[in-house]
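We will go from stop to stop, selecting as we go.

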Amino acid sequence: MLGKDDLKLRAELWNGVISQVHAFFQSKNYLEVRTPVLVKCPGMEPNLDPVGVDVRLIDGTKHRRGLITSPEYSMKKLLGAGLDKIYTLTPVFRNVEKMGERWSVEFTMLEWYRTNADYHECMKETEELVDMILGSEKAGLSTPRWPRISYVDEYQKYFGVHPADETLDASKVADRFQFEVMPKLEAQYPRFFLTEYPVAEAALAQKNADGRSAQRFEGYVNGLEICNGFTELVDSTEQRKRFELEAEERRLAGKEVFPIDEELLAGLSSVPSPTFGNALGIDRLIMLKAGAKDIDSIHLFPPSTRF
């Protein structure tokens with residue numbers, strides 16, 4: 001166990017950031033909500049591995065469930081029921097993860113959603129929040145300060161082809177961009193948003209007018225990915241089609257396939273368009289606040305010592 005002084009320092013660091021997060025959203029009239037961690041449909045993304053859990057109830061029935069990779073499905077159900085500005089702080093889980101450095105099977109997610117606003121508005125709120133917590137010499141300016149870098153434009157610039165016209169499959173396109181382009185962007189910009197993803201990498205996002213890219217963004221600070229946001233897809237027919245494609249990808253990859261969340265699809269068409277949502281990793285934000293290079297160094301119970 002860590003020493004008392006170190007434990008206190010780490011606890012105060014977390015308390016300070018969490019207090020700032022609550023103050024930020026309450027100042028903008030967001031409603032904090034609590035969402036379930038153990039659910040029937042923990043996620044469909046082919047690149048993620050939910051932690052599966054076998055549950056046995058006192059009546060003897062057995063149920064296959066999973067720990068959420070994100071509270072997104074529950075949050076969208078609340079939007080469909082009529083809530084319009086909501087946020088949550090919750091533990092989330094990703095199986096088959098590296099432990100230590102910037103990764104952990106369990107970490108804390110901040111997610112927030114606002115109706116009648118798109119991903120451009122979401123990026124403005126994100127940089128306002130992050131700059132408030134981490135500090136920024138340019139805080140207070142009304143114009144966008146973090147550069148917006150288009151994924152599809154950068155891909156065409158480096159490889160001479162639109163990702164949608166690439167002969168490589170979607171996962172190889174993503175790997176090519178991640179390993180050959182991202183290091184250059186991270187070296188050039190201390191804080192930036194990567195925007196306009198190929199549709200194949202934005203299953204929950206609204207398409208742009210060209211039909212070949214989607215209104216998704218990721219935020220990066222000092223080479224660390226901290227968030228993933230969208231203008232949300234609210235077309236239940238299109239969403240079902242994308243879920244079915246993802247389920248097939250999971251089957252082909254030999255991964256567990258959880259059922260499609262029918263309650264989510266039933267309420268999705270009631271969510272106004274546009275609506276934005278963003279998922280921000282609190283652990284990484286605290287690492288940046290502390291100037292830490294390893295997630296172990298900010299936790300009272302370091303992740304890499306738990307297994």
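Start at the beginning of helix H3. Select Asp 118 and His 120: a side-chain oxygen of Asp 118 comes to within 3.1 Å of the backbone nitrogen of His 120. Helices (H or I, at least four residues) and strands (E, at least two) are DSSP runs, numbered from the N terminus.

Two notes before moving on. This is a predicted model, where local features need pLDDT of at least 70 and side-chain atom pairs count only at pLDDT 80 or more, while totals for chains, interfaces and linings use all residues. Residues are numbered from 1 along each chain as its sequence is written, and side-chain values use heavy atoms, with hydrogens and water left out.

**Along H3**

Select H3 from end to end. Its 16 residues reach 22 Å from first C-alpha to last, close to the 22 Å expected at 1.5 Å a residue. (The expected span is 1.5 Å times one less than the number of residues.) Just past the helix, click Gly 135, which has a positive phi of about 90 degrees.

Which residues of H3 are buried? Among them are Tyr 119, Cys 122, Met 123, Leu 129, Val 130 and Ile 133. Buried means under 20% relative accessible area, exposed over 50%, and partly exposed in between (1.4 Å probe, protein chains only).

**The sheet**

Now show the strands. Eight of them form an open sheet with mixed pairing, in the order S1-S5-S6-S11-S10-S9-S8-S7. S1 (31-32) and S7 (148-150) stand at the edges with a single partner strand each, so one side of each has no neighbour in the sheet. Two strands pair if DSSP finds at least two bridges between them.

Select S5 (residues 85-93) and S6 (residues 106-115). They run antiparallel, joined by nine bridges. Look for Pro 91: its bridge partner in S6 is Thr 108.

Bring H3 (residues 119-134) back. H3 packs on the sheet and touches S6, S7, S8, S9, S10 and S11. Contact here means heavy atoms within 4.5 Å.

**The cores**

Next, select Phe 25, Leu 110, Trp 112, Leu 129, Ile 226, Leu 280 and Ile 282. They have the most contacts inside the largest nonpolar core, which has 33 residues. H3 gives the most to this core, with six residues. A nonpolar core is a set of buried Ala, Val, Leu, Ile, Met, Phe, Trp, Tyr and Cys residues joined through side-chain atoms within 4.5 Å.

Zoom in on Phe 25. Beyond residues up to four places away in sequence, Phe 25 touches Tyr 30, Tyr 87, Leu 110, Trp 112 and Leu 129. Then find the second, separate core: 28 residues, including Cys 41, Phe 159, Phe 177 and Tyr 220.

Select His 22, in helix H1 (residues 4-27). Is His 22 buried or exposed? His 22 is buried, because its relative accessible area is 19%. Leaving out residues up to four places away in sequence, His 22 touches Glu 32, Tyr 87 and Leu 89.

Now go to His 162, in the loop between H4 and helix H5 (170-180). His 162 counts as buried too, at 9% relative accessibility. A polar atom of the His 162 side chain lies 2.9 Å from the backbone nitrogen of Ala 164. Beyond neighbours within four places in sequence, His 162 is in contact with Val 152, Tyr 155, Gln 156 and Arg 212.

**Last stop: a hairpin**

Select S3 (residues 51-56) and S4 (residues 62-67). Six bridges join these antiparallel strands. Val 51 has Leu 67 as its bridge partner in S4. Five residues separate S3 from S4 in this hairpin, and Gly 60 in the turn has a positive phi of about 95 degrees.

Technical notes: Axes fitted to C-alpha atoms, helices over the stretch in contact; angles between N-to-C directions. Polar contact = N/O pair within 3.5 Å; in protein donor to acceptor, adjacent residues only side chain to side chain.
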